[in-house]
Amino acid sequence: MKLKQIIIALVILAALGGAYYFVQKQPAATDPNAVVREDVFSFKPEDVQEFTLQVSGQPAATFRRKVAAAPAESKPEAEWEITQPANIDADSYQIQSFIGEFAGFKANPLGGDTATPLSVNWADYGLDQPARSFQFKLKDGKAFSLDIGK
């Protein structure tokens with residue numbers, strides 16, 4: 001009698017496991033009203049060689065990557081320096097974290113498509129006179145910028 005109960009329990013357990021597996025393998029239902037979020041930037045944090053932060057009413061600060069000499073068996077570690085207003089070392093960990101956050105930004109598109117650029121009145125978004133402006137220069141010479149309004 002006990003063997004029969006164990007077999008029944010195993011069959012039920014196998015059925016429940018199969019149902020769980022089937023449910024987990026199904027693609028998530030997409031909401032037709034959901035807003036698609038797009039990447040703001042198309043660069044990787046390790047590609048940034050320099051960036052400038054301009055805050056309204058203050059002098060610009062420019063940060064540049066420098067490669068520190070490291071022992072041959074380890075990978076060179078990225079270090080950053082502040083080149084403007086003065087040649088001083090920067091907190092490399094904080095800057096890498098900052099750039100990593102920027103590279104992962106996503107936003108809701110304003111409308112239009114890439115073939116026909118959307119005509120935007122930036123004053124509607126508080127960007128006619130941005131409070132902060134970020135410019136990024138990459139290894140390959142490309143530049144990206146982001147203006148943040150009030």
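Predicted model: local features only at pLDDT ≥ 70, side-chain atom pairs only at ≥ 80, totals over all residues.
Residues are numbered from 1 along each chain as its sequence is written, and side-chain values use heavy atoms, without hydrogens or water. Local features need pLDDT of at least 70 and side-chain atom pairs pLDDT 80 or more, while totals for chains, interfaces and linings use all residues.

**Whole chain.** Show the protein chain as a cartoon and colour by secondary structure. There are two helices and eight strands, taken as DSSP runs numbered from the N terminus (helices H or I, at least four residues; strands E, at least two). Their order from the N terminus is α-β-β-β-β-β-α-β-β-β. Of the 150 residues, 20% are buried (under 20% relative accessible area; over 50% is exposed, in between is partly exposed; 1.4 Å probe, protein chains only).

**Residues 2-25.** Select helix α1. The number of buried residues in α1 is zero, so the helix lies largely in the open. Within α1, pick Ile 7, which is partly exposed at 46% relative accessible area.

**The core.** Next select Phe 43, Phe 63, Trp 80, Ile 99 and Phe 136, which touch the most other members of the 17-residue largest nonpolar core (buried Ala, Val, Leu, Ile, Met, Phe, Trp, Tyr and Cys joined through side-chain atoms within 4.5 Å).
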